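Q: I would like to learn how to read the features of a protein model one at a time. Could you take me through them, giving the general idea and then the case at hand?

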Amino acid sequence: MDVPSPRPDAPHLADVVPAVLAAMGVTGAQRDGVHRPIDLPGDVRGACVLLIDGLGAQLLDTYADDAPVLAGLRNRNLRVGYPATTAAGLAAVGTGRRSGEHGMVGYSFRIPDHGVVNALRWTPHPFGADLRDALVPEEVQPLPTTFGQATAAGVAVSIISGAEFTNSGLTRAVLRGGRYVGVHRLGDLAARVQQAIAGRGFCYGYHADLDMLGHLYGAGSTAWRMQLRQVDRLAGEARARHVYVSDGAADAVAGGWRETLGARAWVRTREQAIEEGWFGARVSDAARSRIGDVVAAARDNAGLVRRTVEPLESALIGQHGSWTDAEQLVPLLIASG
């Protein structure tokens with residue numbers, strides 16, 4: 001049962017912001033030999049990268065009638081990399097790197113001396129007190145951000161996202177470097193984006209509600225489609241498991257999981273997953289220490305839940321994180337004027 005082979009030269013979510021900054025004339029926007037497979041017209045005066053969490057390429061194609069504007073902007077597909085989870089995706093946007101480099105290898109993962117951490121809440125997983133003092137976000141993810149690079153080059157950079165995420169652990173870890181603008185609803189998100197572009201600056205905008213409704217009611221549900229229609233007017237961890245085991249037990253545990261799950265999941269040891277490029281071509285020592293001794297990626301419609309320990313996550317109808325095209329491919333939509 002072969003896992004889909006990640007192509008290191010495929011257009012990736014991590015390439016978007018560097019490509020836009022390059023089009024704005026920010027020198028050195030592509031760092032450390034990262035390729036630039038996204039070609040954009042040059043001499044861009046103001047720009048925004050707007051991330052609609054939960055809008056996969058297949059979903060946009062299926063529900064194009066609900067989002068004719070977005071469907072009309074359809075360009076190529078981008079891969080989000082492994083795992084296909086929000087924390088890793090935001091880190092890819094913010095750093096311009098794959099998960100093996102930025103180290104945000106999932107919704108939850110183990111950090112030596114701190115245990116398993118919930119990256120979205122910045123608390124112990126599955127619950128606990130805020131860890132920002134004990135686990136400094138800038139140290140957990142020390143790479144410079146694309147936003148900081150643009151700010152250093154003299155570009156006015158705005159990070160436009162939910163007001164509730166202001167100064168959160170994840171925001172500090174992967175979205176630092178620009179002016180954070182907290183918004184409350186779709187309307188003020190759109191207004192702030194327009195303001196940033198009109199001022200010839202660069203902004204990153206994030207809309208979370210489509211993803212949230214997909215988790216609660218399922219992608220394609222009536223509630224999800226109604227939200228998609230609103231987004232169109234603007235312009236899971238159960239699928240990817242890290243398993244930590246006792247020293248020397250990885251092969252045996254991986255074998256047990258393979259035997260039990262069969263065709264319902266791809267199961268690899270840490271070293272196998274790294275060798276096969278699951279986390280990108282380069283994996284830092286810090287990222288390696290966070291990846292599970294055994295990694296399991298669900299196939300088809302399967303999910304790997306712990307109902308007693310993770311009751312909230314287990315109750316979600318919609319999940320994402322694995323290797324299927326529905327989770328991996330996101331549409332690149334380009335509008336200019």
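Q: How many aromatic pairs does a search of the whole structure find?
A: A pair of aromatic rings is described by the distance of the centres and the angle of the planes. Here rings of Phe, Tyr and Trp (its six-membered ring) pair if their centres lie within 6.5 Å, and planes under 30 degrees apart count as stacked, over 60 as edge-to-face and the rest as tilted. The search of the whole structure gives 5 aromatic pairs, and one aromatic cluster is formed by Y82, W278 and F279. Please keep in mind that this is a predicted model, in which local features need pLDDT of at least 70 and side-chain atom pairs count only at pLDDT 80 or more, whereas totals for chains, interfaces and linings use all residues. Residues are numbered from 1 along each chain as its sequence is written, and side-chain values use heavy atoms, with hydrogens and water left out.

Q: How many helices and strands are there in the protein chain, and what share of its residues count as buried?
A: Helices (H or I, at least four residues) and strands (E, at least two) are DSSP runs, numbered from the N terminus; the protein chain has 16 helices and 12 strands. Buried means under 20% relative accessible area, exposed over 50%, and partly exposed in between (1.4 Å probe, protein chains only). Of the 337 residues of the chain, 53% count as buried. Its accessible surface, from the Shrake-Rupley method with a 1.4 Å probe, where for residues only the protein chains shown count as cover, comes to about 15300 Å², and 52% of this belongs to carbon and sulfur atoms.

Q: Is helix α4 mostly covered or mostly open?
A: An α-helix has 3.6 residues a turn, so residues three or four places apart point the same way. In helix α4 (residues 86-95), however, 10 of its 10 residues are buried, including L90 and V93. The helix is followed by G96, which has a positive phi near 75°.

Q: Which strands make up the open sheet of 3 strands, and in what order?
A: Strands of a sheet pair through backbone hydrogen bonds, either parallel or antiparallel, and the criterion used here is that DSSP finds at least two bridges between two strands. The open sheet has the order β3-β4-β5, with antiparallel pairing. Because β3 (108-111) and β5 (123-124) stand at the edges with a single partner strand each, one side of each is left without a neighbour in the sheet. Between β3 and strand β4 (residues 115-118) there are 4 bridges, and F109 stands opposite V117 in β4.

Q: Why is strand β12 described as largely enclosed by the rest of the structure?
A: Strand β12 (residues 329-333) has 4 of its 5 residues buried, so the rest of the structure largely encloses it. It pairs with strand β2 (residues 74-79) in the antiparallel sense over 4 bridges, and P331 in β12 is the bridge partner of N77.

Q: How many salt bridges does a search of the whole structure find, and which parts does the pair of R225 and D66 tie together?
A: A salt bridge is a side-chain nitrogen of Lys or Arg within 4 Å of a carboxyl oxygen of Asp or Glu, and the search finds 14 of them. The side chains of R225 and D66 meet in one of these (2.7 Å, N to O). Since R225 lies in helix α11 (residues 222-234) and D66 in the loop between α2 (57-62) and α3 (68-72), the pair ties together parts that are 159 residues apart in sequence. R225 is partly exposed at 29% relative accessibility, whereas D66 is buried at 7%.

Q: What are the N to O distances in the salt bridges of D325 with R79 and of D43 with R45?
A: D325 and R79 meet at 3.4 Å, N to O; D325 is partly exposed, with a relative accessible area of 36%, and R79 is partly exposed at 27%. In the salt bridge of D43 with R45, the closest N and O atoms are 3.3 Å apart; D43 counts as exposed at 60% relative accessibility, while R45 is partly exposed at 46%.

Q: Is R270 buried or exposed, and which residues is it in contact with?
A: R270, found in helix α13 (residues 270-275), counts as buried at 16% relative accessibility. Contact means heavy atoms within 4.5 Å; leaving aside neighbours within four places in sequence, R270 is in contact with R110, R288, I291, G292, D293 and V294.
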